Each structure stands twice: as C-alpha cells, then as structure tokens.
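Subject: Structure for you to look at

Hello,

Here is the structure I said I would pass on. Please open it first, then read the notes below with it on screen.

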Number of protein chains: 2
Amino acid sequence: MAERLIVIGGDAAGMAAAAQARRRRGRDDLEIVAFERGHFTSYSACGIPYWISGLVSDREQLVARDPATHREKYDIDVRIRHEVVAIDLDRREVTAVDLDGGGEVREPFDLLMYATGAVPTKPDWARTDAAGVFGVQTLDDGSALRKWLDGDPTPQRAVVVGGGYIGVEMAEALVLRGLSVTLVERDEQPMSTVDPDMARIVTEAMRGLGVDIRTGVGVTGLAERDGRVTGIRTDAGDLPADLVVLGLGVRPNTALAEAAGLPLGPTGGIRVDRRMRVTGVPGVWAAGDCVETLHRVSGMPVHVPLGTHANKQGRIAGINIGGGYATFAGVIGTAVTKVCDLEVGRTGLRERDALAAGFEFVSVIADSTNRAGYYPGARPMTVKLIAERPSGRLLGAQIVGWTEAAKRIDTLAVALWNRMTVDDMTALDLGYAPPYAPVWDPVLVAARKAVDALAPR
Amino acid sequence: MAERLIVIGGDAAGMAAAAQARRRRGRDDLEIVAFERGHFTSYSACGIPYWISGLVSDREQLVARDPATHREKYDIDVRIRHEVVAIDLDRREVTAVDLDGGGEVREPFDLLMYATGAVPTKPDWARTDAAGVFGVQTLDDGSALRKWLDGDPTPQRAVVVGGGYIGVEMAEALVLRGLSVTLVERDEQPMSTVDPDMARIVTEAMRGLGVDIRTGVGVTGLAERDGRVTGIRTDAGDLPADLVVLGLGVRPNTALAEAAGLPLGPTGGIRVDRRMRVTGVPGVWAAGDCVETLHRVSGMPVHVPLGTHANKQGRIAGINIGGGYATFAGVIGTAVTKVCDLEVGRTGLRERDALAAGFEFVSVIADSTNRAGYYPGARPMTVKLIAERPSGRLLGAQIVGWTEAAKRIDTLAVALWNRMTVDDMTALDLGYAPPYAPVWDPVLVAARKAVDALAPR
C-alpha cells in the first residue's frame, strides 16, 4: 500500500519537496496531499514589490506553478484555502479547516512535510482592523494592497515602516506609483543588512529618489478614522498616511509546530538535520522560511527567509523523502537587491556579525568602477571586505554600485564558500574586458587592499 | 651604489613591475630605466576597438599613465620611441636605437625586466607596403587605423581577417562606424574561444548586426592598386575591400630574447618561474604577453596574452625585484567579451582542451534567463559546463547571454579555481532577487544538470 505524505504549505519549500518526492516515487508508492491556506501555490513573494510598482503587470506572472499544474503534472492533491490547524504526531494525522467552504477534515499521514513559511513581525500597535494597513508577505497580501492602491479615494501618502529589503523595495515601488512616501526606520539608517558605511550610500540614493527617510524613529501607534488608517504615531511626532506598509521583518511560522511539540532552535526556527528531517521526530520534515539553518561562517544557527533557500531545502527534503540522499550545506548569507539603479549585494558576515561570532578582523572599502574608466557607462562601485586577522580568511563582503554591481557578490560568495584568504583572492583569474571591468577587477582591488590592511608595510 | 634595472617595454607588465619595484626601493637604492618602442606607456590595448568605433572618444582616455607620470611619480627614466635591439647578458648591457633622433645607446644593467609583449601573427600574404592594411595591436596601430578611417577617400568596405576576440570586436566597431563589414574565418565559425555549440549563438548575433561572415575560408593574398589595398584573395574567391584588418592572433614577442639566449617554452613564450624570473638566467625577469604561464586545470604551459595577466605578473615581478616575495598562481583561461548586446564569458577548458589534456568529461548546456522570467528585461542566458567524469570536478564553463551575462563567468571561475565539483556547486549560496536571477540561478541550474549527466537515474 502506498505511503501518504502530507505537505503543510503550498509555496516554494513545500511544493519543491512534493515535486522531488513524486519524481522518485510514483503514485502507487506515495500519495501526496498538500494543504495551502492561501489562494496560490509556488509563487514568487520576492516579486510582489515589482507587481505593486507596476513593473510586473499581472499577478499570474508571479505564479510559477498553479494548483492545477501540481495536480496534473505531479499528481499532487493540492487543497488551497485549507488551513492546517493541528498536527497529531501520535495518531499521525492533521486537522485542516476549509477556509471557504467551512468544515474540518482530518487526514492521516505516514510522512509529514512542514513548510509553513514565515509570518510578518507585528507589534501590538499594528494589530488593527483599520483598512489601509498592509503586510507584504503573501500574494494575497499583495492583492489586497493592489486593490487599495486602485481604490477610491486613491491613497496619496504612504508610510513604510521598517527599512529592510522589503521596506526599501516597497518604498521604491510606491514612489514609482506616484505616491509620496515616508520610510520610518528605528535604527540609524535603513538597509542594515549591510554595514552602516555601505548603507549610507543606499540611504542617499533613496533620498535622491524622493523617499522621505526618518531614522531613529520608533512607531508607537496608528491613527484611524472611520475604520481607515490616517497616519502613524511615532516618538518623534505624527505622520499622516492613507497607506501604511509594514516591513518589520518576519519570523518563522511555527505556531502549529510548537503545539505539536516539534523542536525549535534559538532563532525560533524549527530545528532540522542536514537532510531536512525535523530533529528527533521520525518521518517529519521541514524546510523553507520556517526552519533555522547553519551559517557556514559563524557556525551558528540563523533564520534566513529567502526563496532560493526554500527551494533548495525543499528539493533536498523531497529527494530524501523520495528515497535518495541529499544534504543541505548551510548558508553564507548572500543577498542582493536594488533601489532604482543602485545595486546592493552582500555575503558572509557583517562587522557586527563577525564581532558577535568572536572573530578578529580587518575591514577595507575599495572604490572602483564597474567598467574600464574610459568605457561609456562606467559607474562607481564600492566593495567592502571583512577578513579574519591574522589568517586573512574572507569572512564577509558587500558591494554597492550603480548598475552591473550586485551579482558580482557571487564571485565573493564562492570565494568565501571555499574559505579563501584575501591573499589567495588577489591571484584569481577573473574576466577582463573594458565593458566589464577595469584591468584590475574591483574584487581584486579590494582583495589587495585587504592584504595591505592585514600586513601593513 | 644603486643597482640599475632596465625595463624593455613600457606597457602593462613592464611599467607595473617598475612601479612596484620603485615602491619598495627608493632611487638611491634602485635606478630604473624603461625603453618603449612606441609613443605610449601603460595603455589599454583592449580598449582600441572601442576607440575605433567611437564609443571612446579620445586616444588619451586609453592611456593609464603617460611617460611624464612615470618619470615624476615613480622616478622612472622612461624613454619612448627607443627600441632595444640587443641584450648582452655577459656584459650586462642593452643596446637601444632612438627611432626618432637616430643613433644608438648602450645602457648597463644589474637587473633586467623583459616585457616586450606580443606581435601579431602575420602570414606571408599580409606582408605588404600597401596602405589600408592594419593590425590592432598597439595604440600606434590604432592611431594609423583611425587616420585611415577619417581619410579621403573614406573607406566603405572592410574585411576583417580572423574571428577571435579582436576580430569580432573590430567587426562590430567598423559596423558601428557605418562600414560594410565582412569577417573571414578559416574555421567552421568565429569565436572559437568557446565551443562550437556556444559560438553558434555569437555567429548568429553578428549576422544580426549585419556582419557578412564567411567561414571555412582561407585568405591567400591581397589585391592592391596604386599602393592601396583593394581587396583580399581567398580560396573561395576575391572580396573587395578598402580596409583590411588583421585579427589573426598574436605570438610572444621573443626575437630579442632568443638572440640573447633566454629560454623559450613549448608555446613560444619565455619560460619563467613562479616569481616571474626567467628560468635559469639570474637577474632577468619577464612578464606579460611575452611569457608562457601555467594553466591550473590542464597543468600545461599556455600563452594567454591579456592585460589583466600582464598587470598581475608585472606587479609580482616588481615585488620580487623590490625585495619582497610574491608568486604568480597561473591562469584558468577566464575571458569575457561582447558583440552588441550579446555577452560571452568563458573559463577553464573547452571540450577540445579537455580532450587534449586527457580528461574524461561530460558537458551540459542549460538555458535560463538573466532575471526572473517575469521581471522586465529578462533575456535568455545559456550556461555550458564541462565536468570531469566520474569525479564531477568542474573543468570549464562558458556563458552566452543577452545583457548581464558575461561577468557571471567569475562565479564559475572561482568555483573552478577552488576545484569544486558540480555536486558541491549545486549548494552554493548565490544572490537571488527577481531583477538579478530566477529563483534557481542559471549557474545552479547548469550544475544540477551536470550532476544528472554524471549519474543518470
């Protein structure tokens, strides 16, 4: 008789796992049921800001595979708008609520794939029924926000709370839509995913775009009238707004897991082993934004909610569920984003991470250009390297530049992944031609500068 | 008393060496004299096609440091238009001819830096006095060509002979200048720096640009009238031309070295050790396009004339001359170029190189896009990987894509440099965001495909 796999969460991690498992085990060997709370499966949440801005015209473009495809192509019984509300590990069954039809179903499982993603951080002040306050976490969130933007009256003044990736991307999106946008950030500046000296360049670019940036400001409440938001209250005064976007980060969605007794780690994410099995719970797997993972540089568990990891981890879980063998190697914190033409990339540890992990290090910042200085379109590019002292091992890198900059972080990510020293890196054979780099590639310029910083002459 | 360093050749390798040596040894300790045959020092030969096309407006933009800067900033006695015609290793002196003033000087040396670069391959048929036939090797060549393009009568029909980097770049440059351009290539297609399956994409792009490409055609002679070129003769008929550009590759410029008894290797380049010392000849150093170097993948000596290596090698020679310690780690054959918006990158071994080196391997080609498929401006990108069988070690990689493609070869170059397997590569933490990559980066897609090719299920 076929085993039964139940997948909780129909986005990247869950459906990647299901598809991989199906590839290795036919329907006679494995029955697969997937529950998804929302309306969509396998979509790109990272693409939502570009749909909001209008750069991407249709919501459907963000959906990689709809439920019908999963059913027909992979023979997966996908049930959207079904929220799993309980997991019973002893009886090996889950309870799901049909959010549209009402009613509850219980479904038995032999194997369980937990892939519930993350939930937005929501402080008390943000718990409101007032219209006009949005998270940007799911495609359903995006749909609601789009509707509000096209509503009557049309919102004119937006406040984005929080200056992480989603906050910065949403601020740009709303400026592109013609709104007047204020970004409120509690820290000294937004984009704290890079060190302050690099974040400063991003802050200036955002101001150049017309975003009103208020730093060092804490939000204390919302102002509402007639069930609609009219502004936010901060410790530095009130700000009017007819649209408030929450970009305060996310935490692992583990309510269900906790209730079922799945183990959580220090980051709040579910603890899994290298094969993505939930630690100590036979037959239960987890992947994606709900788990914690190993940071290969610090050696510490981290929570890095990112579609690319969710897909990789889901695939690995699926290979293992399917009877194969695969392990997840951990992350090094690589990420890229853009603010208008300004591109930002990072990998490894920031200075504060390196300090927290106990490393001694030097940091250098090298200014260069993305192309040979004389080639048309050459633009400034700044590379920061953090290297362990005295070993010279690369611990982290950040790039900020105007066009053709961010993805160069991959070069540094692979160097870091392989535990290269900055001294070894100066020898790297990187592509050179005038449209692509000065004769000394910006990465090599930075590596040379780091070598000098480690061993001053 | 100060030692005396004589540098032969005032371009990248020679002047990088001189500058590094000066940094470590003051003028009281080291006197530096540099002879340069041409009018310029430290310029970007790779930039010449873009100056020809008009993308770069002034010749001076291509000059990184002119003789005056070398004299004033580095206290180097630079003598342009001086050609060294003999090296006497026993007497430790060189003989140089003043090409403008006439006359000959002899200069003694304690240390010698040989950095004469490369000379264009010139078959017998190309040895002509007829006007209108040009190499594109030096800035002086470029000046002559620019003058011809602006001359009276203005040339209308160009033939570019040879489809390597310089040939392809020059064909594009001349099309941009409004000429009708024919590219003649002896092999089955141009751009043989990548495998034929990848080169095909480039060939199509060039045809789309309006370049008339004739492949499998050997040139047998030139047609001339009144001292001007009027066409070329080939084994497939005659082609009219009032401008002929030779892009037949280069070989190490070693005439002087041979006469002096410096050792040459199997590639025709000067043999040097890891510190860039000429093998077995005390006090003599060589670097740049005139030397051969180690290919880290094949383990064989190769001749790779490229400004980036010349700069690195020159710097290393200079550090050693200056009393420091540095070694050149070899190359892996990374190179990038572009033809209109089509970008081409390569690293490591092509299939033919892998065969010649005795490797067993698989190759895979993976089609993807440079951005998330739904993000505006997403364009096709093709990644080819060559991996050793059965180890899975990456041996070579090639990328062809429309915009934002070529420099991604660096990611693969660093993976290859670190002897990664394609299996390890599937785990790499690369930057993901919709403007930069699909959720599975093209590099990861290709690595997964290579893993499948190595171990079919």
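**The tyrosine pairs between the chains**

A:Tyr50 is buried, because its relative accessibility of 5% falls under the 20% cut-off. Please keep in mind throughout that this is a predicted model.

What does the ring of A:Tyr50 pair with? Its partner is B:Tyr375: the ring centres lie 5.0 Å apart and the planes stand at 85°, so the pair is edge-to-face. The pair crosses between chains. A:Tyr50 belongs to helix H2 (residues 48-53) of chain A, while B:Tyr375 sits in the loop between strand S23 (361-369) and strand S24 (380-388) of chain B. Is B:Tyr375 buried or exposed? With 7% relative accessibility, B:Tyr375 counts as buried.

A:Tyr375 and B:Tyr50 also form an edge-to-face aromatic pair, with 5.0 Å from centre to centre and 85° between the planes. Here A:Tyr375 lies in the loop between strands S23 and S24 of chain A and B:Tyr50 in helix H2 of chain B, so this pair joins two chains as well. A:Tyr375 has a relative accessible area of 7% and is buried; B:Tyr50, at 6%, counts as buried too. Over all chains, the count of aromatic pairs comes to six.

**How the two chains are related**

Chain B can be laid on chain A by a turn of 180° with a shift of 0.0 Å along the axis, and the RMSD is then 0.0 Å. That is the relation of a two-fold axis. The same surface serves both copies: 100% of the contact residues of chain B recur in chain A. Which residue of chain B comes closest to the rotation axis? It is B:Thr411, whose C-alpha is 2.3 Å from the axis.

B:Thr411 is one of the buried residues of helix H10 in chain B. This helix (residues 409-417) is mostly covered, with nine of its nine residues buried. Among them are B:Ile409, B:Asp410 and B:Trp417. After H10 of chain B comes B:Arg419, which has a positive phi, near 55°.

B:Trp417 also has a charge over its ring: B:Arg296 lies over the face of B:Trp417, at 3.7 Å from the ring centre. In chain A, A:Arg296 lies over the face of A:Trp417, again at 3.7 Å from the ring centre.

**A parallel sheet in chain A**

Five strands of chain A form an open sheet with parallel pairing, in the order S3-S2-S1-S7-S18. Which strands are at the edges? They are S3 (77-80) and S18 (284-286) of chain A, each of which pairs on one side only. Direction ignored, neighbouring strands of this sheet are turned by 15° against each other on average.

As a reminder, strands of a sheet pair through backbone hydrogen bonds, either parallel or antiparallel. To see one pairing in detail, look at S1 (residues 3-8) and S7 (residues 111-114) of chain A, which run parallel and are joined by four bridges. A:Ile6 has A:Leu112 of S7 as its bridge partner.

Helix H1 (residues 12-24) of chain A lies across S1, S2, S3 and S7 of chain A. Against S2 (30-36) of chain A, helix H1 runs at about 170°.

Regards

Key: Residues are numbered from 1 along each chain as its sequence is written. Chains are lettered from A and ligands numbered from 1 in the order in which they are written. This is a predicted model: local features need pLDDT of at least 70, side-chain atom pairs count only at pLDDT 80 or more; totals for chains, interfaces and linings use all residues. Side-chain values use heavy atoms; hydrogens and water are left out. Copies are superposed by least squares on the C-alpha atoms of residues with pLDDT of at least 70 in both. Contact means heavy atoms within 4.5 Å. Two strands pair if DSSP finds at least two bridges between them. Axes are lines fitted to C-alpha atoms, for helices over the stretch in contact, and angles run from 0 to 180 degrees between N-to-C directions. Rings of Phe, Tyr and Trp (its six-membered ring) pair if their centres lie within 6.5 Å; planes under 30 degrees apart count as stacked, over 60 as edge-to-face and the rest as tilted. Buried means under 20% relative accessible area, exposed over 50%, partly exposed in between (1.4 Å probe, protein chains only). A charge sits over a ring if NZ of Lys or CZ of Arg is within 6 Å of the ring centre and within 35 degrees of the ring normal.
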